[in-house]
Amino acid sequence: MATANPLNIAIAQINPMVGDFAGNVKMAMDAFQEASRLHARLLVFPELSLCGYYPGDLLNESAFISKSYQALGELASFSKQFPGITAIVGMPRKSNGPGKLLYNSLIALNNGIVIAEYHKQLLPTYNIFDERRHFEPGPQHAVGIDVSGYNVGLMICEDGWNDSAENYAVNPYEALAMIRPDLVVSINASPSNIGKREQRQQVICAAARRHALPILYVNQVGGQDSTVFDGASFAVNADGLVAKQWPAFQTVVDTLTFDAHTFLPQPHFPLNSLDGYSVDEFVLSHIVLGLRDYARRCGFKTAVVGCSGGIDSALTIALAVEALGAGNVIAITMPSQFSSSGSVSDSQLLCDALGVTLYIHPIKALVGDFSRQFHDSFADELKGLSLENLQARIRGTILMAYSNHSGTLVLTTGNKSEISVGYCTLYGDTNGGLGPIGDLYKTEVYRLSAHINQRAGREIIPETVLSKEPSAELAPDQKDTDSLPPYEVLDEILKILIEGDQLPQPEFQQARDFVANYRSTAAGEAVYQRVADMIARNEYKRRQAPPIIRVRPRAFGAGRQMPIAARH
């Protein structure tokens with residue numbers, strides 16, 4: 001064990017963007033300056049922090065790799081101004097051996113010099129991850145660096161998740177034990193979802209306790225396409241208790257002290273403490289950060305939403321206002337002959353409460369003109385589902401026309417329940433650039449909407465919207481329950497069929513018990529099988545839909561890769 005003086009460590013929980021090398025280096029330089037002000041001797045950045053996580057097939061482009069190396073050179077040169085600070089950063093590093101051409105690497109810098117490299121050994125290929133596509137596993141040995149007399153062991157994200165040796169043949173903790181580190185630093189780009197923060201702490205705390213190793217877990221923050229990173233970095237002592245944790249969904253440069261094998265101070269946070277975050281507040285913060293970063297990084301300052309007077313569009317608009325500001329959100333209500341009176345009046349109440357501009361663009365005449373022309377051309381009448389879908393497609397066309405005209409991001413309003421069973425219109429209400437609530441079940445949409453009102457202490461989403469029976473309003477007296485089971489039933493079935501044991505344990509048990517009881521009758525079993533068939537038959541719609549913000553353990557997109565043409 002080291003007998004050195006106390007070690008002051010800075011964590012840089014930053015928000016890098018894929019490919020924004022200048023911006024990422026600027027963040028790193030700012031963190032250096034703050035770490036120096038805080039008298040840190042060790043500065044720790046997240047995984048792949050120089051290039052952003054996850055670059056995907058950009059890693060196949062030689063120019064991208066060259067820019068990564070240039071960024072490292074710039075940061076190394078800058079670090080000469082702070083010779084007392086050793087920095088740990090993440091980047092892709094070239095491999096000279098067989099296999100893939102790159103490693104997912106950790107670089108230790110001091111006074112302009114690379115003093116050590118560590119290459120990630122465990123490369124995840126499950127859920128949204130596909131690292132083995134681009135990277136070669138690193139050598140099966142540990143790397144430690146001396147920082148002010150302390151032996152600091154190094155680790156990258158997934159390396160710390162296999163202490164039980166269930167998922168990989170290699171357990172990097174065993175190699176670390178050979179070099180007897182005083183503490184371990186793990187750099188991470190661990191995505192956020194419901195239950196993930198608790199899961200992280202359970203895994204890392206158990207490993208720290210088993211190996212009697214203090215572990216500092218530094219995670220990135222921010223939204224990248226569909227994925228949101230929550231930060232929520234933490235430090236765990238050798239007894240497996242959390243000594244310090246940092247805020248979720250915020251950039252942070254902060255310090256803690258390590259002395260005599262212990263992180264100080266030692267408040268010993270309760271395991272899985274979420275700093276007062278309810279699940280609803282967690283989901284709200286998660287989606288808002290994802291939406292804000294998606295719009296910012298794609299070059300949009302404003303967003304437009306089709307406002308039906310229903311709960312889904314109401315929640316989407318409220319989230320957009322939280323993320324972008326009321327002055328940067330436009331709502332368009334597009335009543336048809338089948339729209340209820342509340343379609344416009346409830347939309348106006350919502351937009352007045354939020355300070356959002358609402359435009360009214362009726363579609364009755366457009367539907368009539370299209371129907372007449374269809375009859376003239378094909379000698380047949382549009383009716384039933386084709387007429388219902390026409391209304392949705394005209395609305396989608398209006399939103400896209402407004403987007404093209406004004407340079408505004410269209411936000412789709414579909415929820416996970418509807419997307420799962422295809423209760424949506426391709427090229428209609430699926431139009432858009434991003435689906436903020438596409439990973440929330442309908443029952444969660446209601447719950448989050450109620451939370452927004454409670455949080456504000458006033459009625460933002462009108463009670464008439466919260467209490468009205470869900471309807472697409474595409475046919476006379478239409479209700480969602482005409483085509484679907486009640487959402488309280490549907491959502492529990494969907495949780496089992498889509499997420500299963502990836503759900504947080506209490507939620508899994510509740511859904512499993514509910515569905516088992518529901519399927520105990522012939523009628524319930526028939527509904528269950530019908531829902532399973534609807535999920536399978538509508539994969540083609542999901543494949544063509546816009547990206548959604550991933551919130552739950554298993555989301556549509558990269559996290560659930562299913563064939564379109566298959567027997568189920």
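This is a predicted model: local features need pLDDT of at least 70, side-chain atom pairs count only at pLDDT 80 or more; totals for chains, interfaces and linings use all residues.
Local features are given where pLDDT is at least 70, side-chain atom pairs count only at pLDDT 80 or more, and totals for chains, interfaces and linings use all residues. Residues are numbered from 1 along each chain as its sequence is written, and side-chain values use heavy atoms, with hydrogens and water left out. Helices (H or I, at least four residues) and strands (E, at least two) are DSSP runs, numbered from the N terminus.

**The open sheet**

- An open sheet is formed by 7 strands in the order β5-β4-β3-β2-β1-β14-β15, with mixed pairing; two strands pair if DSSP finds at least two bridges between them.
- β5 (113–119) and β15 (262–264) stand at the edges with a single partner strand each, so one side of each has no neighbour in the sheet.
- On average, neighbouring strands of this sheet are turned by 35° against each other, direction ignored.
- Strand β4 (residues 102–110) runs antiparallel to β5 and is joined to it by 6 bridges.
- Leu109 has Val114 in β5 as its bridge partner.
- Helix α2 lies across β3, β4 and β5 and runs at about 160° to β3. Axes are lines fitted to C-alpha atoms, for helices over the stretch in contact, and angles run from 0 to 180 degrees between N-to-C directions.

**Helix α1**

- Helix α1 (residues 21–37) has 17 residues, which at 1.5 Å a residue should span 24 Å, and its end C-alpha atoms are 24 Å apart, in agreement. The expected span is 1.5 Å times one less than the number of residues.
- The buried residues of α1 are Phe21, Gly23, Asn24, Val25, Ala28, Met29, Ala31, Phe32 and Ala35. Buried means under 20% relative accessible area, exposed over 50%, and partly exposed in between (1.4 Å probe, protein chains only).
- The cover over these buried residues includes strands β1 (7–13), β2 (42–44), β3 (86–94) and β14 (252–259), together with helix α2 (62–79).

**Salt bridges**

- The whole structure holds 32 salt bridges, each being a side-chain nitrogen of Lys or Arg within 4 Å of a carboxyl oxygen of Asp or Glu.
- Arg297 and Asp293 meet through their side chains in a salt bridge (3.9 Å, N to O). Arg297 and Asp293 are 4 residues apart in helix α5 (residues 279–297), which means that about one helical turn separates them.
- Arg297 is buried at a relative accessible area of 15%, and Asp293 is buried at 3%.
- Asp346 and Lys468 form a salt bridge whose closest N and O atoms are 2.8 Å apart. This pair links distant parts of the chain, 122 residues apart: Asp346 is in helix α7 (residues 342–354), and Lys468 is in the loop between α12 (463–467) and α13 (487–499).
- Asp346 is buried at a relative accessible area of 7%, whereas Lys468 is partly exposed at 24%.
- Lys416 and Asp439 have side chains that meet in a salt bridge (2.7 Å, N to O). The two are 23 residues apart and link distant parts of the chain, with Lys416 in helix α10 and Asp439 in the loop between α10 and α11 (442–456).
- Lys416 is buried at 0% relative accessible area, and Asp439 is also buried at 0%.
- A network of salt bridges links Lys416, Asp439, Glu444, Glu492, Lys495, Glu499, Glu507 and Arg552.

- Ser417 sits in helix α10 (residues 416–421) and is buried at 0% relative accessibility.
- The Ser417 side chain reaches the backbone nitrogen of Lys442 at 2.8 Å. A polar contact is a pair of N or O atoms within 3.5 Å; within protein, one must be able to donate a hydrogen and the other to accept it, and residues adjacent in sequence count only if both atoms are side-chain atoms.
- Beyond its neighbours within four places in sequence, Ser417 is in contact with Leu440, Tyr441, Lys442, Tyr487, Leu490, Asp491 and Leu494; contact means heavy atoms within 4.5 Å.
- Gln245 belongs to strand β13 (residues 242–245) and is buried, with a relative accessible area of 8%.
- The side chain of Gln245 makes polar contacts with the side chains of Arg197, at 3.4 Å, and Gln201, at 3.0 Å.
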